[in-house]
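Q: I would like to learn how to read a few features of a structure, with a worked case for each. Could you take me through them, starting with strand pairing?

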Amino acid sequence: MESRYNPAAIEEKWQKTWVEQGIDKTEENQDKPKFYALSMFPYPSGSLHMGHVRNYVITDVIARLKRMQGYRVLHPMGWDAFGLPAENAAIKNNIPPAKWTQRNIAQMRDQLKRLGLSIDWDKELATCSPDYYKWTQWIFLQFLQAGLAYQKEAAVNWDPVDQTVLANEQVDSEGRSWRSGAKVEKKLLKQWFLKITDYAEELLQDLDQLTGWPERVKLMQANWIGKSTGAYLEFPIVGSSEKIGVFTTRPDTVYGVTYVVLAPEHPLTRQVTTPDRKAAVEAFIQEVAAESELERTAEDKPKRGIPTGGMAINPFTGAEIPIWIADYVLYEYGTGAVMGVPAHDTRDFQFAQGNNLPIQVVIVPPNNDVETLRVTPLQEAYTEPGIMVNSGSFDGTDSVKGKQAVIEYAEKQGWGKARIQYRLRDWLISRQRYWGAPIPVVHCPNCGIVPVPEADLPVRLPEDIEFTGRGGSPLAQLSSWVNVPCPTCGTPAKRETDTMDTFIDSSWYFLRFPDATNDKLVFDSARVNDWMPVDQYVGGIEHAILHLLYSRFFTKVLRDRPKGGTEGDRNLLNFDEPFQRLLTQGMVQGLTYMNPNKADKDKWVPTSIVNADDPRDPQTGEPLKLVYATMSKSKGNGVAPEEVIAKYGVDTARMFILFKAPPEKDLEWDEADVQGQFRFLNRVWQLVTEFAQQPTVKETSIKNPKSKIEKDLRRAIHTAIQAITEDLEGDYQFNTAVSELMKLSNALADATCKDSPVYAEGIKTLILLLAPFAPHIADELWHAIANQESVHKQSWLKADPDALVADEMTLVIQINGKTRGTIQVPAQADRQMQEKLARESEPAQRYVEGKEIKKVIVVPGKLVNFAIG
Ligand SMILES: [Zn+2]
């Protein structure tokens, strides 16, 4: 063994040894409890960044700990490998997406292996490989058979640069594409949807089962699902048999409805428009069509609308009210129409004021002078509950109770009914792109939509494709691929050319890992039911809504039994939720140059173009500020993992990441702290090396040491075991666990009983406790103290309760509430004895000296206070 700590040499050696010994392979021993540790799998961009490293190191520590604690652990890794960047690279550099992706995967796999992660690479999967997407397609067909996948024409977000449809969440707050930055347009297209709305209620209710999830993630999901309880009411159109249906959570305000508003794209819009309003209405429809959904609904934006000339009847009052159209009403939400109650809704109040629409008060605060309110104009909407007025037979009713009463009345009259509505909408999964799983259906002129038979899966992506980046999907342009006979009747038919949203690939990958190489089935049910749910899932907060919600949805659909056995081969899972515990790790921040005089994205200046001695904006010459900001390519503030590893070794990088911040908090990259951890590992190296060279004591089991020195050291050792175990098992407080390791190493360094078996126990303990954090140095040192088997095959330690009991305790001596010193007293001393010893103590004697003790307060085990006069 070398006397100097040389991470490069030992890390490479151990990584090789672990592979040879199969240390990271998934154990299938059923006598052991299972533990499934999973990091959110990466997109193979080609290079690992510090955010990845943090994510995977966190999961790795947990996986290593659980193995030592006697679990069989599944800790796999894969690649979320479909998506736009590969296709964009193909267009730009003329490399086939498959080749580009495989090259990136190979590169990132090497980088991952360098991190010493205990990943079972036999389980590796890539969503873009045919043996994976075959099953993605198979799952799609189960959805189709269950009536959970359907086609419908819909206004979609159209990216005119990438020539593709975008999901709402791929459009930023300025209505621009998340990738190309192009202004998104609206376009009508026939699209595939998954019926996630069928599961809205269960997805909401089951959030309660997720006790191991951060509250804020559950709240974000609940808000996304957006359940509201209220009424569906219908307003007859004057001069027509049609009615305008609206949803409201405030049926108690229906007597205050003074207008109704349709979404401009609502099919009734053109029907209700009067001839004199036609030109204006058409112009407005065109204008709104160019706006994104986010622009239309932005809180801070004034709401725009115009009258159609048409009138409706408020069935409750019999009054004729105008029909308007406005940009803030979206056809995809609810019924695509809303009732206007300006007196009791803030948005309606502003809209009515801006457009001179009547405002009718129908709810007044309790205990208020009704007459005054009737005559005084409202200054703002009154949105609180109160007493119903101007509401026919409901006058005087409490408005909360009035909601139900109005619904019952409406039902009796045939004007409406109770309804629950969700904000969640069906999931648009069609992409007019090449690099995704083809949707496995054929369009036949005789049979309609025909699923590709299971035996013909996968529908492979053709490879002889030309990427021009124009004119929509490359698949649609390849007639040899598109034209096929109908699988049912043999008539010339056409393949579906849309591919699936990549979020589908990641909605079930965690189910594939337990049985990753199965070529007969999507997975073996028994195997998956054994390993699932994932016990610990680790990933970024940016996936709090979509990925996690979709994964929960897929799990529930694959769990459900097909009705009457006609809905495909589901009923595959015996659990409701895929992820037991979720940890959303914080970001990694780097020191970043910023020009405080510039706004938003323009303010960041990449470190590489700044003169560190006199940091100025190269464009303007203005002085720059140095702040912490999330590492990113665009800010040019990243720290490359491979550079840190080359300089200090991966064990140091891991220790720093774990020590610098609790896992859910942002982490500020600080070179000085990295060096601090490097020095710590050097000290551990030194301690163990010196110990190993000692020829004497190797006995490490001594329950009852005689000397106080040994007893104190043994207490420090077992305190470390207990504290670190608690830190790791509770909320994964790795930072405090590393502090405890440092404390133990200090106690060993300071020990004056280095020839005692207790010291030997301490050295052994330090190495074992270090193993999940810094796996390479731990295995090297473990072998250095004459062990043959890997440290990662050892059992985690349990604290000896006897060793934790202190012989003495510290009492604080106070005089008139002021601390004057401390004394050591026997741990078993009772209250009286504590007071006696405190009185006799040097600080008490000194300060009391002849004065009268008026009162003594004893807080046993903590302090004794003397009140003196
Ligand atoms: Zn056919």
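A: Gladly! Strands E8 and E9 pair in the antiparallel sense over 6 bridges. Two strands count as paired if DSSP finds at least two bridges between them, and helices (H or I, at least four residues) and strands (E, at least two) are DSSP runs numbered from the N terminus. Before we go further, this is a predicted model, in which local features need pLDDT of at least 70, side-chain atom pairs count only at pLDDT 80 or more, and totals for chains, interfaces and linings use all residues. Residues are numbered from 1 along each chain as its sequence is written, and side-chain values use heavy atoms, with hydrogens and water left out.

Q: Which residue stands opposite Glu234, and how many residues lie between E8 and E9 in their hairpin?

A: Glu234 faces Gly245 in E9. The hairpin formed by E8 and E9 has 6 residues between the strands, and Gly239 in the turn has a positive phi of about 75°.

Q: What is the strand order in the open sheet of 3 strands?

A: The order is E9-E8-E16, with antiparallel pairing. Strand E9 (243-248) and strand E16 (416-422) are the edges; each has a single partner strand, so one side of each is left without a neighbour in the sheet. On average, neighbouring strands here are turned by 30° against each other, direction ignored. For such angles, axes are lines fitted to C-alpha atoms, for helices over the stretch in contact, and angles run from 0 to 180 degrees between N-to-C directions.

Q: How many bridges join E8 to E16, and what lies across these strands?

A: Strand E8 (residues 227-236) is joined to E16 by 7 bridges, and the two run antiparallel. Within this pairing, Tyr232 stands opposite Lys417 in E16. Helix H13 (residues 399-413) lies across E8 and E16, running at about 120° to E16. Contact here means heavy atoms within 4.5 Å.

Q: Is E9 mostly covered or mostly open?

A: Burial is read from relative accessible area: buried means under 20%, exposed over 50%, and partly exposed in between (1.4 Å probe, protein chains only). E9 is mostly covered, with 5 of its 6 residues buried. For the protein chain, buried residues make up 52% of the 869 residues.

Q: How is a pocket found, and what volume does the second largest pocket have?

A: Rolling a probe the size of a water molecule over the atoms shows where empty space is left. On a 1 Å grid over the protein atoms alone, a cavity is a set of points where a 1.4 Å probe fits but cannot get out, whereas a pocket is an open set with protein on both sides within 12 Å along at least five of seven lines; lining residues have an atom within 4 Å of a point. Grid points are joined across faces, edges and corners, and a volume is the space filled by probe spheres set on the points. The second largest pocket comes to about 1100 Å³. It is lined by 31 residues, of which Tyr328, Tyr333, Val338, Asp345 and Arg347 are the closest to its centre.

Q: Which elements supply the lining of the second largest pocket, and which classes of residue are in it?

A: E9, strand E13 (337-340), helix H11 (346-354) and E16 each supply at least two residues of this lining. The largest share, 4 residues, comes from H11. By class, the lining has 11 nonpolar, 13 polar and 7 charged residues. Ala, Val, Leu, Ile, Met, Phe, Trp, Tyr, Cys and Pro count as nonpolar, Asp, Glu, Lys and Arg as charged, and the others, Gly among them, as polar.

Q: What is the phi of Asn94, and is Asn94 buried or exposed?

A: Phi of Asn94 is near 60°, a positive value in a residue other than glycine. Asn94 is found in the loop between helix H3 (84-93) and helix H4 (97-113), and counts as exposed at 69% relative accessibility.
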